[in-house]
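Here are my notes for your review. Please read them beside the model.

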Amino acid sequence: VHFSTEEMVLYGPYLMPGRPGIYDLYKSFDDAGQIDFVRGLFDGDGTICQRKNGTSVIGFSINSSCDGIRKILEDFCEKYGFSLSKYFDKRGSGSWFYTINGKKDKFYFAKLIYKDCEICLHRKRDKFTELYGSDLIA
(Lines give C-alpha, C1' and ligand atoms only; values in the text may rest on other atoms or scores of the structure.)
Protein backbone atom coordinates (compact mmCIF):
# COMPACT_ATOMS: atom_id res chain seq x y z
CA VAL A 1 0.00 0.00 0.00
CA HIS A 2 1.34 3.41 -0.96
CA PHE A 3 0.07 6.67 0.48
CA SER A 4 0.69 10.15 -0.88
CA THR A 5 1.82 12.88 1.51
CA GLU A 6 -1.71 14.29 1.52
CA GLU A 7 -3.18 10.87 2.34
CA MET A 8 -0.69 10.36 5.18
CA VAL A 9 -1.66 13.70 6.70
CA LEU A 10 -5.34 12.75 6.41
CA TYR A 11 -5.23 9.05 7.35
CA GLY A 12 -1.90 8.65 9.16
CA PRO A 13 -3.31 9.01 12.69
CA TYR A 14 -5.68 6.08 12.08
CA LEU A 15 -2.76 3.81 11.20
CA MET A 16 -1.16 4.25 14.63
CA PRO A 17 -1.46 1.59 17.35
CA GLY A 18 -4.81 1.88 19.10
CA ARG A 19 -6.27 3.67 16.06
CA PRO A 20 -6.96 7.00 17.80
CA GLY A 21 -10.00 8.75 16.33
CA ILE A 22 -11.04 5.82 14.15
CA TYR A 23 -14.62 5.89 15.42
CA ASP A 24 -14.94 9.57 14.51
CA LEU A 25 -13.63 8.80 11.02
CA TYR A 26 -16.20 6.00 10.64
CA LYS A 27 -19.03 8.29 11.83
CA SER A 28 -18.00 10.92 9.25
CA PHE A 29 -18.96 8.55 6.39
CA ASP A 30 -22.45 8.25 4.94
CA ASP A 31 -24.28 4.88 5.19
CA ALA A 32 -22.61 3.46 2.07
CA GLY A 33 -19.18 4.52 3.34
CA GLN A 34 -19.83 2.91 6.72
CA ILE A 35 -20.80 -0.34 5.01
CA ASP A 36 -17.60 -0.19 2.93
CA PHE A 37 -15.62 0.46 6.12
CA VAL A 38 -17.08 -2.57 7.90
CA ARG A 39 -16.51 -4.71 4.81
CA GLY A 40 -12.84 -3.67 5.00
CA LEU A 41 -12.73 -4.62 8.68
CA PHE A 42 -14.35 -7.97 7.95
CA ASP A 43 -12.13 -8.69 4.94
CA GLY A 44 -9.08 -7.88 7.07
CA ASP A 45 -9.92 -9.25 10.52
CA GLY A 46 -13.17 -11.16 10.13
CA THR A 47 -13.79 -14.86 9.83
CA ILE A 48 -16.53 -17.04 8.48
CA CYS A 49 -16.40 -20.71 9.22
CA GLN A 50 -18.71 -23.64 8.94
CA ARG A 51 -18.88 -26.00 11.89
CA LYS A 52 -19.07 -29.79 11.60
CA ASN A 53 -22.76 -29.67 12.53
CA GLY A 54 -23.45 -27.47 9.48
CA THR A 55 -23.93 -24.16 11.25
CA SER A 56 -21.76 -21.22 10.31
CA VAL A 57 -20.27 -18.42 12.37
CA ILE A 58 -19.31 -14.89 11.34
CA GLY A 59 -16.73 -13.40 13.65
CA PHE A 60 -14.50 -10.40 14.15
CA SER A 61 -11.38 -10.62 16.27
CA ILE A 62 -10.64 -7.18 17.68
CA ASN A 63 -7.70 -6.23 19.85
CA SER A 64 -9.14 -4.95 23.10
CA SER A 65 -6.79 -1.96 23.11
CA CYS A 66 -8.75 -0.51 20.16
CA ASP A 67 -11.92 0.77 21.75
CA GLY A 68 -12.87 2.65 18.56
CA ILE A 69 -13.15 -0.54 16.50
CA ARG A 70 -15.31 -2.13 19.18
CA LYS A 71 -17.59 0.92 19.10
CA ILE A 72 -17.78 0.75 15.30
CA LEU A 73 -18.92 -2.89 15.38
CA GLU A 74 -21.45 -2.25 18.12
CA ASP A 75 -22.79 0.84 16.32
CA PHE A 76 -23.02 -0.99 12.99
CA CYS A 77 -24.79 -4.01 14.46
CA GLU A 78 -27.25 -1.82 16.37
CA LYS A 79 -27.94 0.31 13.28
CA TYR A 80 -28.73 -2.73 11.11
CA GLY A 81 -30.35 -4.86 13.81
CA PHE A 82 -27.77 -7.66 14.10
CA SER A 83 -27.52 -9.76 17.23
CA LEU A 84 -23.92 -9.47 18.38
CA SER A 85 -22.19 -11.69 20.92
CA LYS A 86 -18.75 -11.11 22.34
CA TYR A 87 -16.25 -12.91 24.46
CA PHE A 88 -12.75 -12.17 25.67
CA ASP A 89 -10.00 -14.49 24.50
CA LYS A 90 -8.66 -15.84 27.79
CA ARG A 91 -5.67 -17.49 26.13
CA GLY A 92 -3.73 -14.27 26.55
CA SER A 93 -4.12 -12.62 23.15
CA GLY A 94 -5.88 -9.62 24.65
CA SER A 95 -8.57 -9.73 22.00
CA TRP A 96 -12.32 -9.54 22.04
CA PHE A 97 -14.08 -11.83 19.61
CA TYR A 98 -17.41 -10.59 18.29
CA THR A 99 -19.80 -12.93 16.49
CA ILE A 100 -23.00 -12.56 14.53
CA ASN A 101 -24.91 -15.76 15.15
CA GLY A 102 -28.47 -15.73 13.81
CA LYS A 103 -28.93 -17.38 10.39
CA LYS A 104 -31.00 -14.45 9.13
CA ASP A 105 -28.41 -12.02 10.50
CA LYS A 106 -25.54 -13.79 8.72
CA PHE A 107 -27.41 -13.79 5.42
CA TYR A 108 -28.32 -10.10 5.77
CA PHE A 109 -24.77 -9.17 6.84
CA ALA A 110 -23.30 -10.85 3.76
CA LYS A 111 -25.84 -9.24 1.46
CA LEU A 112 -25.30 -5.84 3.06
CA ILE A 113 -21.51 -5.76 2.79
CA TYR A 114 -20.95 -7.67 -0.48
CA LYS A 115 -23.91 -6.80 -2.72
CA ASP A 116 -22.76 -4.80 -5.73
CA CYS A 117 -19.27 -4.23 -4.33
CA GLU A 118 -16.31 -4.20 -6.67
CA ILE A 119 -13.50 -4.13 -4.13
CA CYS A 120 -13.46 -6.92 -1.58
CA LEU A 121 -11.61 -10.03 -0.53
CA HIS A 122 -13.13 -12.46 -3.01
CA ARG A 123 -12.39 -15.62 -1.04
CA LYS A 124 -14.58 -14.37 1.82
CA ARG A 125 -17.34 -13.23 -0.51
CA ASP A 126 -17.11 -16.60 -2.28
CA LYS A 127 -17.51 -18.42 1.05
CA PHE A 128 -20.78 -16.57 1.68
CA THR A 129 -21.90 -17.48 -1.83
CA GLU A 130 -21.05 -21.12 -1.13
CA LEU A 131 -23.05 -21.09 2.10
CA TYR A 132 -26.05 -19.02 1.00
CA GLY A 133 -26.24 -19.27 -2.80
CA SER A 134 -25.07 -17.18 -5.72
CA ASP A 135 -28.14 -14.91 -5.66
CA LEU A 136 -26.98 -13.56 -2.29
CA ILE A 137 -24.32 -11.31 -3.75
CA ALA A 138 -25.80 -10.56 -7.16
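Which residues does Ile113 touch, not counting residues up to four places away in sequence? This is a predicted model, and the points below start from that contact set.

1. Ile113 contacts. Beyond those sequence neighbours, Ile113 touches Ile35, Arg39, Phe42 and Phe76. Ile113 itself belongs to helix α5, which spans residues 103-114.

2. Ile113 burial. The relative accessibility of Ile113 is 0%, so the residue counts as buried. Phe37 lies 76 residues from Ile113 along the chain, yet their C-alpha atoms are 9.2 Å apart.

3. Aromatic cluster. Phe42 and Phe76, both touched by Ile113, also sit in one aromatic cluster. Across the whole structure, the search finds nine aromatic pairs.

4. Lys124 and its charge. Lys124 is in helix α6, residues 122-132. Lys124 is buried but has no salt bridge. Its nearest side chain of opposite charge is Asp43, at 5.5 Å. A salt bridge needs a side-chain nitrogen within 4 Å of a carboxyl oxygen.

5. Lys124 surroundings. Leaving out residues up to four places away in sequence, Lys124 touches Phe42, Asp43, Gly44, Gly46, Thr47 and Tyr114. Lys124 also lies over the face of Phe42, 5.1 Å from the ring centre.

6. Another charge over a ring. The charged end of Lys71 sits over the ring of Tyr23. The distance to the ring centre is 5.1 Å.

Methods
Residues numbered from 1 in each chain as written. Predicted model: local features only at pLDDT ≥ 70, side-chain atom pairs only at ≥ 80, totals over all residues. Heavy atoms only, no water. Helix = DSSP H or I, 4+ residues; strand = E, 2+ residues; numbered from the N terminus. Buried < 20%, exposed > 50% of the residue type's maximum accessible area, 1.4 Å probe, protein only. Contact = heavy atoms within 4.5 Å. Lys, Arg positive; Asp, Glu negative; His and termini not counted. Phe/Tyr/Trp six-rings, centres within 6.5 Å; stacked < 30°, edge-to-face > 60°. Lys NZ or Arg CZ within 6 Å of the ring centre and 35° of its normal.
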